[in-house]
Amino acid sequence: MAVKDFWKRHENLYFAVSNKKVILGVTVFLAIVALAIFGPMVTPYDYEEFAGRGYQPPSKEHWFGTTIMGRDVFTQVVFGLRSTLLVGFLAGTIASAIGLVVGFVSGFFSGKAPDEGLMALTNIFMVIPSLTLLIILSAYLPYRGIATQAIIVAATAWPWTARAVRSQTLSLKSQEFVNLSRISAAPTFRIIREDIAANMFSYVFMVYILQFNGTILSSVGLEFLGLGPTRGISLGLVLQNAVNWNALHLGMWWWTIIPGLILTLMIVSLYFINTGLDEVFNPRLREM
Amino acid sequence: MVDRKQEPILRVENLTKVFSSGVFFRQFTEAVREVSFEMYPGTIMSLIGESGSGKTTIGRMVLKLLRPTAGKIYFQEQDIATLRGKAELREYYRRVQGVFQDPFSSFNPLFRVDRVFDMVYDVFLPDVKDREERTREVLRKVNLNPERVLHQFPHQLSGGQLQRLLIARALLLDVKVLIADELISMLDASTRMGILNLLADICQSTGMSVLFITHDLALGYYISDYTMIMHRGRLVEQGATAEVYHNPIHPYTRMLFRSVPDIGHRWDPKEKFVPEQVSREIAEFYASNSGRGFAQVSSSHKVLMSLD
Ligand SMILES: Nc1ncnc2c1ncn2[C@@H]1O[C@H](COP(=O)(O)OP(=O)(O)OP(=O)(O)O)[C@@H](O)[C@H]1O
Ligand SMILES: [Mg+2]
């Protein structure tokens, strides 16, 4: 009985843990995060160290094989994964935060001065070709760390979040249920929590996941062009090196396929979480 | 019938609402223009007008969801703009309630429909112990089967069911004024009649008055004691229902009554309906009148004679 009551009270949680997409996505994503956390602890090598003979396929000593120069691919991948996740987390957070604030404020004051100003700014950022801006900015900064890269990526990622959040706020504002709560003399905090925040939350969460994904992809893209962090390693850099050394032509599948696969799995798992959560939050999409 | 000896429960004076939008290219929409009327206890007043004429806007101002650009609204002779603080607002909403035009967006999609009742209990009736039983009772009054509708999500119910849930919600409270915006638009003819009769019953027994917003002339005639005709934000004619329906003066009102199809009367290509002709008739009507503002046709019938 107590168990049943618990699930009744935490209905969303129940739908979340019984949604196959969410379970699959979360499992894969957590596995990748675990790899990024524990991988660097278990590997005996350093990612820049020449760990053994070059051109070695996966073996007991080198789980993901070695590069042409004899660096350990597993070590490079797990260290690279750390910084890639960090960039995604930082850039995704910054972009979502800016987009949320800008979108919410301009939606709230729709048609008034703050809205017109913020939307003009958003549109300017939107039409700037983001890759060009990224290349120019990156090229001008002699030293680039993870934080710099995250800020650069976030600067071009926030506008579409802002637009999406604005239109969501607008449509919430015109919803009669907010008015119904008002004429029910409901406490303001209840209206904000249940009518506005709850209806925004699922959206915000998804925006965040999409931003996380998008920023990881654009930072990998930057690294691939040689415009990543000036020091350190990341998944994009691993892939860039592999391509520079013609790894695929040389039959070194472990150097390209493995990091590529991990990157793909990460992105796909987040998409699964995203669509699964949509079903959880939105009663319309629940399979009853 | 309108009982002039009683004090009005709600009095609206020169109510005006102008919407503005845009900063660089400012646009103004005059949704409501100098509207005045009075509502008396126990009566049903219908507010009739074409789409976009400003009916909903008037209702929203009475419900304090929109602030009037000009004009005043008095509830029991108190200016509602002077209501201050949570407590005064709560007492106002205990007496003045509404049912909105769009039932689908009146429910928060994330919550079961019971929430709209719970909010009423939480705020206005915190001492009620048997909430569920009381809810079932009002649901049966609006001809809903409680088993079918309670504990459902809004998207699982039809527009007509949602509309009746909202009516039931308003009936939980002992309201003095009900703003009913197209309240039965989604109901079939027989359920409609049931609801209308229920409303009329309640008005008679409790003295509730209803502002019945509609564009259905037949319904207006059936239910209301008093009729107001609205055109482009202005009240063009108002009076006791029988007088307005049997002796319409304003050309817009006349046109409205002409354009109602009779049962058993088929469309005829020779009877063309020309909107420009109506505008011209209205303009000529205003030009031919020497009087300003409203003319009193009888003690309970007024017509707008000219725009100034
Ligand atoms: N929030 C708003 N902002 C700007 N204009 C508005 C707003 N709400 C209503 N209007 C305008 O005010 C006018 C009157 O609208 P209202 O909703 O009161 O009409 P209505 O008589 O209820 O029409 P309907 O029968 O279609 O419901 C319309 O021209 C509408 O475009
Ligand atoms: Mg309306």
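Which of the 13 residues around ligand 1 come nearest? They are S51(B), K55(B), T56(B), T57(B) and Q101(B), where a residue is near a molecule if one of its heavy atoms lies within 4 Å of it. This is a predicted model, in which local features need pLDDT of at least 70 and side-chain atom pairs count only at pLDDT 80 or more, while totals for chains, interfaces and linings use all residues. Residues are numbered from 1 along each chain as its sequence is written, chains are lettered from A and ligands numbered from 1 in the order in which they are written, and side-chain values use heavy atoms, with hydrogens and water left out.

The shell around ligand 1 draws at least two residues each from strand 2 (27-39) and helix 1 of chain B. Helix 1 of chain B gives the most, with 3 residues. Helices (H or I, at least four residues) and strands (E, at least two) are DSSP runs, numbered from the N terminus.

Polar contacts are pairs of N or O atoms within 3.5 Å; within protein, one must be able to donate a hydrogen and the other to accept it, and residues adjacent in sequence count only if both atoms are side-chain atoms. An oxygen atom of ligand 1 lies 2.8 Å from a polar backbone atom of G52(B), and for S53(B) the distance from a ligand oxygen to a polar backbone atom is 3.2 Å. At T57(B), an N or O atom in the side chain is 2.5 Å from an oxygen atom of ligand 1. Ligand 1 taken alone exposes 640 Å², of which the protein buries 61%; accessible areas come from the Shrake-Rupley method with a 1.4 Å probe, and for residues only the protein chains shown count as cover.

The magnesium ion (ligand 2) has T56(B) (OG1) and Q101(B) (OE1) as its protein donors, 1.8 to 2.3 Å away. Donors are N, O and S atoms within 2.8 Å of the metal (3.2 Å for Na, K and Ca); water is not among the atoms, so sites may look incomplete. T56(B) belongs to helix 1 (residues 55-62) and Q101(B) to the loop between strand 6 (96-99) and helix 3 (114-124) of chain B, so the pair ties together parts 45 residues apart in sequence.

In chain A, W63(A) sits in the loop between helix 3 (20-42) and helix 4 (73-108). With I37(A), F38(A), M41(A) and V42(A), W63(A) makes a nonpolar surface patch of about 540 Å². F89(A) is in helix 4 of chain A, and its C-alpha atom is separated by 8.5 Å from that of A150(A), 61 residues apart along the chain.

Definitions and conventions. Patches are made of residues with over 30% relative accessible area and no salt bridge: like charges are joined within 9 Å, nonpolar side chains (Val, Leu, Ile, Met, Phe, Trp, Tyr) within 5 Å. A salt bridge is a side-chain nitrogen of Lys or Arg within 4 Å of a carboxyl oxygen of Asp or Glu.
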